[in-house]
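We will go from one stop to the next, with something to pick and something to look for each time.

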Amino acid sequence: MLFSSGYSSPHPQPFRHPMQITRIDFQMPCRLRPVAIKAAQGLDNQVRLKFIRRLPKAGFCIKHHRLITLLHSLRKLNQEIPISLITTDDGNEYNKPEISHVISQNQTADDLTKVTASQFAEQYRLTLLPNTKVDAIEPLSKTVVCGGELFHYDKLVLATGASAIVPNIAGHEWMLTLNSQREYRAAEPALKHANRIVMLGAGLIGTELVVDMAKAGKPVTLVDLAESVLSNLMPNEVSARLQSKMVRDGILLKLGKGLTSLKETASGIQATLSDGSAVETDAVISAIGLLPETTLAKTAGLNIGRGIKVDSSLRTSDPHIFALGDCAEIESKCLPFLQPALLSSITLAKALTNTPSNLMLPAMLIKVKTPSLPLQLAGETLGEHLNWTINFSANGMVAQAFKADKLCGFVVSEGGMKEAFLLLKQLSS
Ligand SMILES: Cc1cc2nc3c(=O)[nH]c(=O)nc-3n(C[C@H](O)[C@H](O)[C@H](O)COP(=O)(O)OP(=O)(O)OC[C@H]3O[C@@H](n4cnc5c(N)ncnc54)[C@H](O)[C@@H]3O)c2cc1C
């Protein structure tokens, strides 16, 4: 049986492609029938006739806001499958990595929207339920529960993403997170009026954001327990070039220090660091990492590690439920980047349409979007067992990591980035 629906009330109103008729499935398990009947009572005859004529064969219920590749691949394989998408956000399509440049480009969160929810639903012929939270999954009856309403699925894809971690310190309620368009929109007034900003976390996202804020003329302080920026991605000898550039661009680095508390003052917020020093600021952002969003999967009894564990066809421990993106754990790894999600989407589209396919993840390029000194890296770039060869020139840097004399990773910057594809090829050979 299929996904689609049985929603018992018109609230929230889904965006539905005109060709896709909501089906009430009368073969639902008995305990779902009251919902189905209530919904059927709300349908006019015309819709019911159409429903009977257009009985769909199978369907998926998907939660995610950025599924272009999956939807595109699915629609290429099958035009007819009813697809339903439920998301807590507004359903507009945006490119999350562009959050890194909103401030310097003088944009607003709304400028990130590429395609509106209704256009998106129409383009991929989906039933889209925006601003709707899935509260529970019931694998036995193959239903998801949203605020008392039940939706039946044939196959379910979880793409619930990850949540930005906020440290549990005094005054943590003052911290902003920028892990989605919605979070950015909520933080926008504070960021716009902030003359001083503290960023906690010098990882990929924190570093990109402070460089952008400094470019926009905002005085920023970057705080991290590690002694160098991007310390989870590369050794300090390799990140040093970017770090020096950040200092030259006016970013105040407070490295080797943690944030211990935040306190409101008459003129803003006082951030106290682990060495006892204090920084006066107007806004504090947490970018200390992401926690895969596994709450639903956990309560549904799926196997969880750090993320939702999936096999090489993106299937969870329940044969009818799949997971994709930041919430998924593949081969004991969580990969919160777009390229693995993109490759996973192609494999998943095949798995959902019953074409056997196994995910193969090649060496992938990670881009650090710091325009004044951009970096690209791939492979294994962290660990004491690596031997590094680092070549600096006026044009940039090419740093190569070797293990037993074999290239196992690299980091390139500026002009050195033209070597990236050749090095990537060597890694894959
Ligand atoms: C500032 C920034 C810059 C980045 N730059 C890059 C980059 O340059 N390159 C790169 O590869 N990656 C980058 N990333 C990471 C990349 O954006 C993410 O890996 C990707 O967006 C994750 O997609 P996702 O669909 O798994 O999760 P998300 O995009 O977080 O989507 C999860 C969706 O699930 C919804 N949801 C969660 N729980 C529920 C529920 N119970 N019911 C209904 N809906 C629910 C959420 O509302 C959300 O819409 C960046 C991230 C940020 C924040």
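Start by selecting strand 26 and strand 27, which form a hairpin with two residues between them. This is a predicted model, so treat each stop as a view of a prediction. Strand 26 covers residues 387-393 and strand 27 covers residues 396-403; they run antiparallel and are joined by seven bridges.

How many bridges join strand 27 to strand 28? Eight do, and this pair also runs antiparallel.

Next, select helix 6, residues 204-215. Its 12 residues reach 17 Å from the first C-alpha to the last, close to the 16 Å expected at 1.5 Å a residue. Is this helix enclosed or open? Helix 6 is largely enclosed by the rest of the structure, because 11 of its 12 residues are buried. Colour the buried ones, which run from Leu204, Ile205, Gly206 and Thr207 through Glu208, Leu209, Val210 and Val211 to Asp212, Met213 and Ala214.

To see what does the covering, bring in strand 13 (197-200), strand 14 (220-224) and helix 7 (236-248), then strand 19 (283-286) and strand 24 (366-368); the cover over the buried residues of helix 6 includes these elements. Before you leave, click on Gly217, which follows helix 6 and has a positive phi near 90°.

The largest nonpolar core has 54 residues, and Met199, Leu200, Val210, Val284 and Ile285 have the most contacts inside it. Helix 6 supplies the largest share of this core, seven residues. Apart from it lies another core, of 49 residues, with Leu85, Leu128, Val157 and Ala349 among them.

Stay with Val284 for a moment and show its contacts. Leaving aside neighbours within four places in sequence, Val284 is in contact with Trp174, Met175, Leu176, Val198 and Leu200, and also with Leu262, Ile269 and Ala271.

For a stop on a loop, select Ile165, which is found between strand 11 (162-164) and strand 12 (175-176). Ile165 counts as partly exposed because it has 16 C-beta neighbours inside 10 Å. Which residues is Ile165 in contact with, leaving aside its neighbours within four places in sequence? Show Ser286, Ile288, Gly289, Leu290 and Leu291. Draw a distance from Ile165 to Ile288: their C-alpha atoms are separated by 6.2 Å, although the two are 123 residues apart along the chain.

Now turn to the ligand and display the residues around it. There are 33 of them, and the closest are Lys96, Pro97, Gly161, Gly325 and Phe337. Colour this shell by class and you will see 13 nonpolar, 11 polar and nine charged residues. Helix 9, residues 338-352, gives the most to the shell, with three residues.

Finally, zoom out to the whole chain. You are looking at 10 helices and 28 strands, and buried residues make up 43% of the 429 residues. Of the contacts with a separation of 6 or more, 63% are between residues 24 or more positions apart.

Note on methods: Residues are numbered from 1 along each chain as its sequence is written. This is a predicted model: local features need pLDDT of at least 70, side-chain atom pairs count only at pLDDT 80 or more; totals for chains, interfaces and linings use all residues. Helices (H or I, at least four residues) and strands (E, at least two) are DSSP runs, numbered from the N terminus. The expected span of a helix is 1.5 Å times one less than its number of residues. A residue is buried if 20 or more other C-beta atoms lie within 10 Å of its own, exposed if 12 or fewer, and partly exposed in between; C-beta atoms are placed from the backbone. Two residues are in contact if their C-beta atoms, placed from the backbone, lie within 7 Å. Two strands pair if DSSP finds at least two bridges between them. A nonpolar core is a set of buried Ala, Val, Leu, Ile, Met, Phe, Trp, Tyr and Cys residues joined through C-beta atoms within 7 Å. A residue is near a molecule or strand if its C-beta atom, placed from the backbone, lies within 6 Å of it. Ala, Val, Leu, Ile, Met, Phe, Trp, Tyr, Cys and Pro count as nonpolar, Asp, Glu, Lys and Arg as charged, and the others, Gly among them, as polar.
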